[in-house]
Amino acid sequence: MGRVAELSGASVRMLHHYDRIGLVRPSARTSAGYRAYSAGDVERLREVLAFRRLGFGLREIADLVDDPAADTAARLRRLRGLLVEQRDRTAAMVAAIDRELEGRAMGIRTTPEEQLKVLGARLYERIGLDYPATRRTEPRIAARIQQALGDARTVLNVGAGTGSYEPADREVIAVEPSAVMRAQRPAGAAPCVAANAERLPFPDDAFDAAMAVSTVHHWPDPIAGLREMRRVARRVVVFTYDADTPGWLDRFWLTRDYLPEFGALLADRPSLADMARAIGGRAEPVPVPWDCADGFFEAHWRRPEAYLDERVRRAVSVWTRVGARAERRAVDGLRADLDSGRWAERNRELAALDSAELGLRLLVG
Ligand SMILES: C[S@@+](CC[C@H](N)C(=O)[O-])C[C@H]1O[C@@H](n2cnc3c(N)ncnc32)[C@H](O)[C@@H]1O
C-alpha cells in the first residue's frame, strides 16, 4: 500500500478509506500473505483518483467505475473527455484573468458579475460573445455541405453555434450546449436543443442526416459524439481537420512559424481515420478560398494582417486555448515580420493562389 501511495500521490490513509468503503480493495496477496493491489485494482484506483481530482464525490465515482455498460476503454475515453473539458475551462479562466489584469493595469475594473463569471468559465460561455464578429457562413463551404447532405429532408445540426451553415431549405433541428451561443441564434433560426453531441436526446434513425461543422474538436469525447450522430441519422456530414498527415503543422505558415502550440491542442484528439471510421465515411479535402467569409483559424492565410486584429483572434478558440503568452509572442512575431517584409519573402508563393489546402476535410458517411 505504501508503494502504491507513493507512486500515485494518494495518502495511505486515503487508500485505507477506499478499502473500507469497498471502492478499491487490494485483492492480491504477497508471498508473505499481506494484501496487495493486483493489476486490475491499480487500474481501478487510477480511475478513482482521476475522478477525485476532477472533483467527483466518492458515491458518484463508485457509480462511474462500476458502470456495467462501459468497458475499460469506454471509461478511459469518458475520463479523458472530462479532463480535456477541465483543461479548456482552465484555459478560459486563465485568459479571463489575463484580460482582467490587463484591464486593471489600464485602470479598468471588472464588475462583480464579470469576476464571478471567470470561475464558471466554459470555453464557449467565455468566448461565445465574440464569435459572431467574424464567424459566418462561407458560401463555397456551405455548397459542399449541401451537396453532401444529398436529398436529406430532415437534418440535425450538432454543435450548431449561432447557426452558420444551417440549410434553409430543409427541416433542421439544432443541438448546442452553450447558452451564450444559443442566445445569439438569429430570429427564425432552426429550433435548438440544449444537449451534447455525446448524448443526443433523439431516438435511432430520427433524421435523414446529421451535420457537425467546426465543432468536433471541442467535444470531450469525439468518437462517442460521432457514433451518436451515426445512430440518429442515416447520413453524417462533418467538417473537421486532418492532423494525421506527417508534418501537418508546416502546412500553414501561422502554425509553422508563429504558433507551434497549435500542435499540442490537437495531439490528443482522435485521428481523422478514426473519426471517419466512427461514421463509416470517407474524407474529402476542402480548400480554403483566399477571401474565406468564415473567420476560422485558417481563413486568413492570404490576409496575414487579419491575425493582428484582436476581434479576429477572439472569435477563434485556438487563441484562447494556447494561452495569452503564446498568443502575444505569435502576434508580436508576425507583426515584426510583416513590418520587415520577412513574411512576404517567406510566403511569396501564396499571392498567386486563390485557395489553399490547409488540412480541412469533409467527412461524409
Ligand atoms: C466553433 S463553434 C462552431 C459553431 C457552428 N457549427 C459554426 O460552424 O459556426 C463550436 C461549437 O461547438 C459547441 N460544443 C462544444 N462542446 C460540444 C459538445 N460536447 N457537443 C456539441 N457541441 C459542442 C460549442 O458550444 C460551440 O458552439
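**Ground rules**

I number residues from 1 along each chain as its sequence is written, and my side-chain values use heavy atoms, with hydrogens and water left out. Since the model is predicted, I keep in mind that local features need pLDDT of at least 70 and that side-chain atom pairs count only at pLDDT 80 or more, while totals for chains, interfaces and linings use all residues.

**The chain overall**

I began with the protein chain, which has 17 helices and eleven strands; helices (H or I, at least four residues) and strands (E, at least two) are DSSP runs, numbered from the N terminus. The C-alpha trace spans about 75 × 55 × 45 Å along its principal axes. I then looked up burial and noted that 46% of the 365 residues count as buried, where buried means under 20% relative accessible area, exposed over 50%, and partly exposed in between (1.4 Å probe, protein chains only). For contacts (heavy atoms within 4.5 Å), I noted that residues 24 or more positions apart account for 66% of those with a separation of 6 or more. The accessible surface of the chain comes to about 18,200 Å², and 54% of that belongs to carbon and sulfur atoms; such areas come from the Shrake-Rupley method with a 1.4 Å probe, and for residues only the protein chains shown count as cover.

**The ligand**

Next I turned to the ligand and found that 20 residues surround it, with Y131, G159, E176, V213 and T215 the closest; a residue is near a molecule if one of its heavy atoms lies within 4 Å of it. A nitrogen atom of the ligand is 2.9 Å from a polar backbone atom of A197, and a nitrogen atom of the ligand is 3.1 Å from an N or O atom in the side chain of E198. An oxygen atom of the ligand is 2.8 Å from an N or O atom in the side chain of T215. Taken alone the ligand exposes 600 Å², and the protein buries 95% of that.

I looked up E47, which is found in helix 3 (residues 39–53), and I list E47 as buried because its relative accessibility is 1%. The side chain of E47 makes a polar contact with the side chain of R75 at 2.8 Å; the term means a pair of N or O atoms within 3.5 Å, and within protein one must be able to donate a hydrogen and the other to accept it, with residues adjacent in sequence counting only if both atoms are side-chain atoms. Leaving aside neighbours within four places in sequence, E47 is in contact with V65, R75 and L79.

R80 lies in helix 5 (residues 72–105) and is partly exposed, with a relative accessible area of 27%.

R321 belongs to helix 15 (residues 317–321) and counts as buried, at 10% relative accessibility. Not counting residues up to four places away in sequence, R321 touches R87, D88, A91, L123 and L265.

Most residues other than glycine have a negative phi. I therefore noted D205, which has a positive phi of about 55° although it is not a glycine, and whose relative accessibility of 58% makes it count as exposed. D205 sits in the loop between strand 5 (192–193) and strand 6 (207–213). S214, found in the loop between strand 6 and helix 10 (222–232), has a positive phi near 50° and is likewise a residue other than glycine.
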